[in-house]
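Here's a quick briefing to read with the model open beside you.

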Amino acid sequence: MSIRHWPATERPREKLLDRGATALSDAELLAIFLRTGIAGTDAVTLARQLLSQFGSLRRLLGASQADFCSAKGLGEAKFVQLQAVLELSKRYLQQQMQRDTVFSEPATVKRYLQHAISGEQREVFLLLYLDSQHRLIKAEPLFAGTIDASPVYPRIVVQQALAHNAAAVILAHNHPSGVAEPSRADRAITERLIQALMLVDIKVLDHFIVGDADVISFAERGWL
């Protein structure tokens with residue numbers, strides 16, 4: 001049965017208008033993005049099939065162009081639309097952070113980081129430069145790869161923090177495995193960066209590790 005023949009309370013668009021976007025499942029939200037299904041399959045069923053095929057919403061949203069476009073019901077046009085939506089979301093959250101005092105709303109930082117780097121297929125090391133009031137100056141990805149194999153250079157971190165006239169910084173990186181638990185390498189590089197930045201009177205306020213469904217804060221664990 002076509003979605004337009006469903007009861008209004010079950011149709012994703014009407015449900016969103018009546019109850020808000022948070023009331024929708026991942027499949028229902030994805031169905032609104034897809035707009036239509038394919039022959040013999042409505043948009044919600046197609047969305048469920050895609051989530052099952054990719055394994056999770058994060059993996060679907062973070063899929064390469066080739067993998068995304070090879071899936072039934074998707075293609076280059078949908079890939080372009082999705083990338084635009086993701087980038088708009090990142091910019092919206094970054095602008096929201098720039099209006100706020102960062103550590104008065106730590107949940108905002110975590111939401112931004114989840115949108116910014118949780119879908120990356122490789123490990124991305126991000127620096128948030130803060131002013132003396134702990135407001136965001138700029139968020140900048142500095143290194144990519146695996147921290148164990150691709151060194152994070154304290155010298156470059158210090159240079160960039162000074163170039164942005166930062167009074168403090170937040171460190172962040174993602175775990176492509178989806179598991180946010182910090183490794184020994186994560187803790188070791190954090191200590192090296194704290195010591196290096198301390199020499200130029202720049203404080204490290206936190207280090208966030210971003211996984212699929214969780215963001216771990218070193219400060220909240222008492223490690224800073």
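This is a predicted model: local features need pLDDT of at least 70, side-chain atom pairs count only at pLDDT 80 or more; totals for chains, interfaces and linings use all residues.

Residues are numbered from 1 along each chain as its sequence is written, and side-chain values use heavy atoms, with hydrogens and water left out.

**Overall layout**

- The chain has nine helices and five strands; helices (H or I, at least four residues) and strands (E, at least two) are DSSP runs, numbered from the N terminus.
- Going along the sequence, you'll read the pattern α-α-α-α-α-α-α-β-β-α-β-α-β-β.

**Two domains**

- The chain is assigned domain 1 (3-97) and domain 2 (102-221), with bounds that come from an automatic or database domain assignment.
- Over C-alpha atoms, the centres of domain 1 and domain 2 are 30 Å apart.
- Domain 1 puts 10 residues into the contact and domain 2 puts in 18 residues, where contact means heavy atoms within 4.5 Å.
- About 1300 Å² is buried between domain 1 and domain 2, with carbon and sulfur atoms giving 55% of that; buried area is the accessible area (1.4 Å probe) that two parts lose on being put together, summed over both.

**α1 against α2**

- Helix α1 (residues 12-19) and α2 cross at roughly 115 degrees, and their axes come within 9 Å; axes are lines fitted to C-alpha atoms, for helices over the stretch in contact, and angles run from 0 to 180 degrees between N-to-C directions.
- That angle makes α1 roughly perpendicular to α2 (under 35 degrees is roughly parallel, over 145 roughly antiparallel, 65 to 115 roughly perpendicular and the rest oblique).
- On the α1 side P12, R13, K15 and L16 meet E28, L29 and I32 of α2.
- Sorted by class, the α1 and α2 contact has four nonpolar, no polar and three charged residues (Ala, Val, Leu, Ile, Met, Phe, Trp, Tyr, Cys and Pro count as nonpolar, Asp, Glu, Lys and Arg as charged, and the others, Gly among them, as polar).

**α2 against α3**

- Helix α2 (residues 26-34) packs on helix α3 (residues 43-54) at about 115 degrees, with the axes 8 Å apart.
- From α2 the contact uses D26, A27, L30, A31 and L34, and from α3 it uses A43, V44, L46, A47, R48, L50 and L51.
- The α2 and α3 contact counts 10 nonpolar, no polar and two charged residues.

**α8 against α9**

- Helix α8 (residues 154-163) and helix α9 (residues 184-198) have axes that come within 9 Å and cross at roughly 45 degrees, and α8 and α9 are therefore oblique to each other.
- P154, V157, V158 and A161 of α8 make the contact with R192, L193, A196 and L197 of α9.
- By class, the α8 and α9 contact has seven nonpolar, no polar and one charged residues.
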